[in-house]
Amino acid sequence: MASPRDEGHIEPNLLTVTKLPWLADPILPEDKLRPKDLGEFDDLQLQGIESLTRREYDIHRIPRFKKHSEPTNLEMFYDLWFVANLQIFTAIHTVNDVTNLWSYVGFISLLWFDWFLVSLYDVRYLADSVFERVARVLHMGVMVGFAVICVNYTPEEQKMETFQVGSLVLMVSRVVLAVRYLSILWHVRHFKAGKRAISICVALNLAAALIYMGVTFRFHHSRNSRAYGTWYAVSGVESLAQLGLSLYFEVLSFDGTHLSQRVTLATLFMLAEGINVLGENVVLIVKNKKWTPPSIGSLTAGVALIYFLYMIYFDWVDNHRTLKGIRQVVWTQLHLPFHIVLLLLSEGASQFVQWWKIIESIYDVLGTLGDALAQLRKGFRSLEPDHLSQAVLDTFNNTANQLFQEYELFEEYKPNYGQTKESIDKALTDMFHIPNEFYYEYLSGKAGNMTMDYETSFFHDFFTLFISLSNSICEKYKIDPVEDITKKLGEDAPAPWGKVQDAAIESTLARYQITIAFTFVSAGLTLVLLVLLFSFARPRRAWSWSVAVRMVFFALVGLALALTTLGVRSDKLPDLLTPWLLPTLTLVFFVVVILSHWPRRPLPDSFMFWRRIFPSKNKRRRV
């Protein structure tokens, strides 16, 4: 029996930190590759090494690198910076028009390409050392640079400093990658094969860095430049070149690496960002201090949609670990468009939750104003005819104050624009100046000589009051069309504030239309890309008629969703002011989940007519 002293004894070596080399060698040592030592190592670690049982490791031929079956701590720590940039950008930039949509896609693409190119190096050659940790610091600095430029990343309203910093950030990223590939070139210097392939990678990164540096000088204060398009083109070429070279040079191959795990982990990041955006909109609704069944239903549908996307993706790409060669390359590259449309779908789903709450609130405002008008019609006969204008003013003034102060539903909806209050006051004043005779004829339902003359003016004031209150509600939900319209009109030729309010509500409806369009298109493309990812990940021997039929059906459903928005026109928009848009999308993906797990059964004999026409010679007897 061990003594207490023995139980508490700790070996000194256990407390010693492993010495970190200045520059670690990523190549597997010769003794690690001999057949006698194979039992000491993981199969995944040695995957891709040919004929180990038939020949010894030839140090003068092809270098074999250490493989990791899972992402390392350095990689996962770097991923945190990638996720942080996603959160910062999506929090600042909301997709509310076509221009913002393309800038959203552009920035996410640049960020993704930078993360992807760094990951391509890491999965093949990363070995923990002082050199790699310093390089990681520089890559994190690049991510900080992305956070700096994302604040003012608006290609249509360029700030010279922002876009120049963007070019320099991309240049630094490629220079660091070039130096890292140079370190690998140093390690393979004694091998006959491998030096040319690594040298191409070094040259590729240096060439990209020089292009980015040259683009820096194309941005000016006085005008916008389309030179930023070079960022997308060069980043795409770099990505395709790295993947393409891996098919021709064994030293650049991704076989046996954890590349597929890296992109599946990035998919989790995209889903997590969708949850984060959805949560931010929930916070805005919670401030309202009142939930309704449609609001709860929209939120439930948004949460369920993200969960169904998670299930579909990870159920369908279960075979990604076995991917090799061209299938692995194509499957990996497909994740760029997939991640972009997945983010857009999550953004659209969260906006639907927000939009329905806005629509509910606007309906409530209209109903409250309508009730006030109905009360006037019901009780106007008890008022003196000479005081009807004052009664109308008092009624709508009290109703507006009630909406902003007394109703718990609207206690947060106080307008931040002084001009909005001025617009409301002007509408109420115009109502007061309409003659009492008109109100008597209008409220009593008698069409007199004055009815048509003042009816247009009254309803214009009524809807100005309604629109101003509605715009105030939108602003509280961080949809600020008044600010956008004011910027478009400019300070040189200011328009009357009533026209600004009218233009703002039209802009709000246009935003809602764009939200419907990009959400349904993203949902359809997401489903189509999921089918493509499944098709490349699925082993050929695992295909069957039922799997093929279902995949074709899912692809057609995705195309139908993407094409649905072609019929969305401005005149049909009132029909789409419904809480059922998001639940409908969620229901589609729920059906996909159910059909994906539907048990596969053989076709009935009645469908196998060709077997009766062409009977098989080797048909087994039934036992």
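These questions and answers concern a predicted model.

Reader: At what angle do helix α2 and helix α8 pack?
Author: Two packed helices are described by the angle between their axes and the distance between the axes. Here helix α2 covers residues 73-92 and helix α8 covers residues 259-286. Their axes lie 10 Å apart, and the angle is about 35 degrees.

Reader: Is the crossing of α2 and α8 left-handed or right-handed?
Author: The α2 side of the contact includes Phe-82, Val-83 and Leu-86, and these residues belong to a set that meets α8 residues including Leu-265, Phe-269 and Met-270. The crossing of the two helices, α2 and α8, is right-handed.

Reader: How many residues of the contact of α2 with α8 are charged?
Author: Glu-75 and Asp-79 are among the α2 residues in the contact, and Arg-262, Glu-273 and Glu-280 are among those in α8. The contact residues divide into 8 nonpolar, 3 polar and, last, charged ones, which number 5.

Reader: How many disulfides does the structure hold?
Author: A disulfide is a covalent bond between the sulfur atoms of two cysteines. Cys-150 is buried at a relative accessible area of 0%, and Cys-201 is buried with 0% relative accessibility. The number of disulfides in the structure is 0.

Reader: Is Ser-246 buried or exposed?
Author: Ser-246 sits in helix α7, residues 229-248. Leaving aside residues up to four places away in sequence, Ser-246 touches Leu-252, Ser-253, Phe-254 and Val-329. Its relative accessibility is 7%. The cut-off for buried is under 20%, so Ser-246 at 7% counts as buried.

Technical notes. Residues are numbered from 1 along each chain as its sequence is written. This is a predicted model: local features need pLDDT of at least 70, side-chain atom pairs count only at pLDDT 80 or more; totals for chains, interfaces and linings use all residues. Side-chain values use heavy atoms; hydrogens and water are left out. Axes are lines fitted to C-alpha atoms, for helices over the stretch in contact, and angles run from 0 to 180 degrees between N-to-C directions. Helices (H or I, at least four residues) and strands (E, at least two) are DSSP runs, numbered from the N terminus. A crossing is left-handed if the near helix is turned anticlockwise from the far one by less than a right angle, and right-handed if clockwise. Contact means heavy atoms within 4.5 Å. Ala, Val, Leu, Ile, Met, Phe, Trp, Tyr, Cys and Pro count as nonpolar, Asp, Glu, Lys and Arg as charged, and the others, Gly among them, as polar. A disulfide is a pair of cysteine sulfur atoms within 2.5 Å. Buried means under 20% relative accessible area, exposed over 50%, partly exposed in between (1.4 Å probe, protein chains only).
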